[in-house]
Amino acid sequence: MSKIREFMSTTLFSTAPDKYAFEAIDQMYENKIGALLVEKNGDYTGIITKTDWMVLVLKGECDPKTIKVSTIMTEIKHTIDIDQTIAEASAIIQSNGVRHIPVTENHEIVGMFSVKDLEKYYLLLHNKTNF
């Protein structure tokens, strides 16, 4: 069974809770990523995603130039160990309605697994079976 370590992103991108949302949004677009970890005093305390800010901005609930990351970030509730399986990641994504899961090794965040990584896995699986 395929493991998270084979498909995850190992480059960690983060922002600070006191940054403005538009700064985090710009950072996501510059790096072509869909989420940033929120780092405070050397610890990852939350996550902000494109979906988080799109929903709030489109609903008219916030202005990304005046609202801080800390206001719209989500506390990290789910992580997955680097040696867990793709099936386990898929179950977390499906049952919790999340698109990004921080990946841990020895209880430390070392990467990120997203639905895009899941898509890569299924595409590889599809190509192997010659459908």
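This is a predicted model: local features need pLDDT of at least 70, side-chain atom pairs count only at pLDDT 80 or more; totals for chains, interfaces and linings use all residues.
Biologist: How much space lies in the second largest pocket, and which residues are closest to its centre?

Modeller: The volume is about 300 Å³. Fifteen is the lining count here, written as 15 residues, and the closest to the centre are Ile47, Thr74, Val98, Arg99 and His100. Two or more residues each come from β3, α2, β4 and β6 (100–105). By type, the lining splits into five nonpolar, six polar and four charged residues.

Biologist: And what about the largest pocket, how much space is in there?

Modeller: About 450 Å³. It has 20 lining residues, with Ile33, Gly34, Ala35, His100 and Ser114 the closest to its centre. The elements giving two or more are β2 (35–40), α2, β7 (108–114) and α5 (115–129). Of these, α5 gives the most, four residues. The tally by type is eight nonpolar, six polar and six charged.

Biologist: α2 keeps turning up. Which of its residues are buried?

Modeller: First, the general idea: an α-helix has 3.6 residues a turn, so residues three or four places apart point the same way. In α2 (residues 50–58), the buried ones are Asp52, Trp53 and Leu56. Viewed down the helix axis, they fall within an arc of 85 degrees, so they line one face of α2.

Biologist: What do those buried residues pack against?

Modeller: Their partners are α1 (21–31), β3 (43–49), α3 (69–72) and β4 (74–75).

Biologist: What follows α2?

Modeller: Gly60 does, with a positive phi near 80 degrees.

How values were computed: Residues are numbered from 1 along each chain as its sequence is written. Side-chain values use heavy atoms; hydrogens and water are left out. Buried means under 20% relative accessible area, exposed over 50%, partly exposed in between (1.4 Å probe, protein chains only). The arc is that of the directions from the helix axis to the C-beta atoms. Contact means heavy atoms within 4.5 Å. On a 1 Å grid over the protein atoms alone, a cavity is a set of points where a 1.4 Å probe fits but cannot get out, and a pocket is an open set with protein on both sides within 12 Å along at least five of seven lines; lining residues have an atom within 4 Å of a point. Grid points are joined across faces, edges and corners, and a volume is the space filled by probe spheres set on the points. Ala, Val, Leu, Ile, Met, Phe, Trp, Tyr, Cys and Pro count as nonpolar, Asp, Glu, Lys and Arg as charged, and the others, Gly among them, as polar.
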